[in-house]
Amino acid sequence: TAFLLENKPLRRIYTMSSNAEKFASEVDVTGFPGDVLPEQQKYEHPLVQRYATKEMSAIWSPAMKFTTWRKLWLALATAEQELGLQITDEQLDQMRSHLYDVDFAKAEEYESKFRHDVMGHVHAFGEVAPLAMPIIHLGATSCYVGDNTDIIQLKEGLKLVRRKLVQVLAVLRDFAQKYRDLPTLGFTHYQPAQLTTVGKRCTLWMQDLLLDYERVSYELENLPMRGVKGTTGTQATFLELFDGDHEKVKLLNQKVCSMMGFDKCIPVSGQTYTRKIDFHILSVLSGIAQSAYKMCGDIRLLANLKEVEEPFAKNQIGSSAMAYKRNPMRSERVCSLARYIMSLPAGAANTHANQWFERTLDDSAIRRIILPEGFLAVDVVLNLLQNIADGMVVWPRVVEKHVMDELPFMATEVILMECVKAGGDRQELHEAIRVHSMDAGKIVKSEGKPNDLLERIAADPLFASVHSKLESLVDPKLFVGRSMEQVDEFLADCIVPVLEKEKDLLEVEQVDGVNV
């Protein structure tokens with residue numbers, strides 16, 4: 001009810017507020033009180049919280065990073081002692097005894113004091129190995145531990161990626177063998193084309209992944225350690241430590257690299273190893289993502305045709321609204337993550353291009369993000385590929401139906417040749433087939449009826465010479481070319497040798513499953 005109060009604007013007084021008004025007055029739609037859900041007010045990275053595996057997370061974890069720093073300091077001190085510097089066995093013993101008991105709180109306390117992360121960890125290490133404190137990090141610069149650890153993490157990440165690539169290839173090998181002879185409609189321009197087989201199409205996916213495996217193997221065989229290079233890469237400090245003895249400085253570099261598991265070290269550097277290495281590694285990861293996207297893109301299209309389905313859990317819900325749906329969620333996740341991975345080499349390229357002279361620090365923040373995230377994401381993608389390939393379902397009757405919808409058109413040339421060999425007139429037969437094909441196509445498109453081209457030919461006396469063998473002339477297996485042989489040859493020549501070479505990797509069980 002409205003009331004006109006003396007000399008005051010008209011206003012409404014409600015005896016009862018509506019729920020919409022309560023929402024407007026009581027609900028802050030732009031935020032929340034600062035004291036609610038305090039533990040959940042910090043951003044959580046979905047790549048880590050939702051997708052990343054334990055194995056790859058461990059490689060890029062603080063535990064891996066900072067214990068590797070300590071190992072590098074120990075390797076440096078050990079090599080320096082062997083080459084004559086005054087470093088005692090007791091100092092090395094203390095360092096060896098405290099490689100893994102990193103006090104992160106103490107390191108943060110020192111870092112806050114010194115405003116330097118490496119010196120924070122030097123002092124934290126020195127607290128538990130006090131005898132060694134005077135010689136920890138002797139002659140080194142921050143990049144000695146930082147860059148060499150990055151290289152070690154890249155190497156370990158590539159090893160895990162290689163293992164999972166091999167495991168994916170093994171599962172796809174079985175799939176290709178199983179369906180080597182199942183004819184399926186080929187597509188060019190996503191329009192029906194000559195037949196192939198389900199197994200042959202799988203070998204296209206495998207070939208891409210095989211090329212990725214070869215690139216990963218190359219990087220692992222050729223990845224160099226930064227080594228012991230000094231502040232601007234000249235090794236000047238180490239030359240001072242060894243009284244100008246160039247041979248000892250060279251030996252120091254070789255010994256440290258060897259102790260850390262590398263038979264190659266980068267020949268020359270500035271303060272850092274060349275950031276082109278990061279670009280090469282991320283390009284390899286991008287290649288894997290491209291292969292995965294291609295494979296899963298095909299699966300998504302085939303799922304739409306109802307020819308293929310990825311694994312679907314008993315209680316899995318495809319859509320919150322449409323209860324009947326079986327969405328290819330795993331393949332979609334692969335494509336989503338792959339799209340991100342493929343974007344990363346551009347950041348590495350720009351970082352490398354913008355390194356001025358011996359080094360600038362604008363490489364630091366971006367590398368902390370793109371290197372771990374590239375590996376974390378590729379690792380998830382490979383887990384998903386193995387899961388999809390291992391549980392992929394093919395519906396042969398649906399595949400056959402789609403083949404037979406198009407095969408009559410493809411078979412017309414064979415029918416024509418058989419009729420000509422039986423004495424028919426090629427031009428007359430060609431025109432008859434053209435007319436029948438146009439009429440059959442019109443029925444399919446305008447009335448939505450099945451392709452009846454074969455029925456039309458079977459009813460036409462002009463084709464009487466092939467009526468008795470018409471069915472055999474349109475056997476789909478006659479139209480797949482060398483698909484089956486190509487599957488056998490590709491598996492035997494290209495895949496089996498890799499699986500035999502890497503058989504130890506096939507025996508390693510996955511630590512992580514796939515969360516759908």
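View 1. By the rule used here, the count comes to one cavity of 30 Å³ or more. A cavity is a set of points on a 1 Å grid over the protein atoms alone where a 1.4 Å probe fits but cannot get out. Rolling a probe the size of a water molecule over the atoms shows where empty space is left. The largest cavity has a volume of about 70 Å³, a volume being the space filled by probe spheres set on the points, which are joined across faces, edges and corners. Its lining, meaning residues with an atom within 4 Å of a point, is made of F175, T184, V198, R201, C202, W205, L302, E307, V308 and M392. Helix 9 (residues 198-222) gives the largest share of this lining, four residues. By class, seven of the lining residues are nonpolar, one is polar and two are charged. Here Ala, Val, Leu, Ile, Met, Phe, Trp, Tyr, Cys and Pro count as nonpolar, Asp, Glu, Lys and Arg as charged, and the others, Gly among them, as polar.

A note for all views: this is a predicted model, in which local features need pLDDT of at least 70 and side-chain atom pairs count only at pLDDT 80 or more, while totals for chains, interfaces and linings use all residues. Residues are numbered from 1 along each chain as its sequence is written, and side-chain values use heavy atoms, with hydrogens and water left out.

**View 2. The largest pocket has a volume of about 750 Å³.** Of the 30 residues that line this pocket, K65, D117, D150, S364 and R368 are the closest to its centre. A pocket is an open set of points with protein on both sides within 12 Å along at least five of seven lines. Helix 4 (62-82), helix 7 (117-128), helix 8 (142-178) and helix 14 (364-391) each supply at least two lining residues. Helix 14 has the largest share, with eight. The helices are DSSP runs (H or I, at least four residues), as are the strands (E, at least two), numbered from the N terminus. The pocket lining divides into twelve nonpolar, eight polar and ten charged residues.

**View 3. H121 lies in helix 7.** With a relative accessibility of 6%, H121 counts as buried; buried means under 20% relative accessible area, exposed over 50%, and partly exposed in between (1.4 Å probe, protein chains only). Leaving out residues up to four places away in sequence, H121 touches F66, W69, W73, V102, F104 and A107. Contact means heavy atoms within 4.5 Å.

**View 4. Two cysteine pairs show sulfurs too far apart for a bond.** The search of the whole structure finds zero disulfides, a disulfide being a pair of cysteine sulfur atoms within 2.5 Å. The closest cysteine sulfur to that of C265 is in C257, 4.3 Å away, so the two are too far apart for a bond. C265 is partly exposed at 27%, whereas C335 is buried at 1%.

**View 5. C419 lies in helix 15 (residues 396-421).** C419 counts as buried, at 2% relative accessibility. Residues up to four places away in sequence aside, C419 touches G424, L429, F463, S465 and V466. From C-alpha to C-alpha, C419 and C296 are 43 Å apart in space, and 123 residues separate them in sequence.
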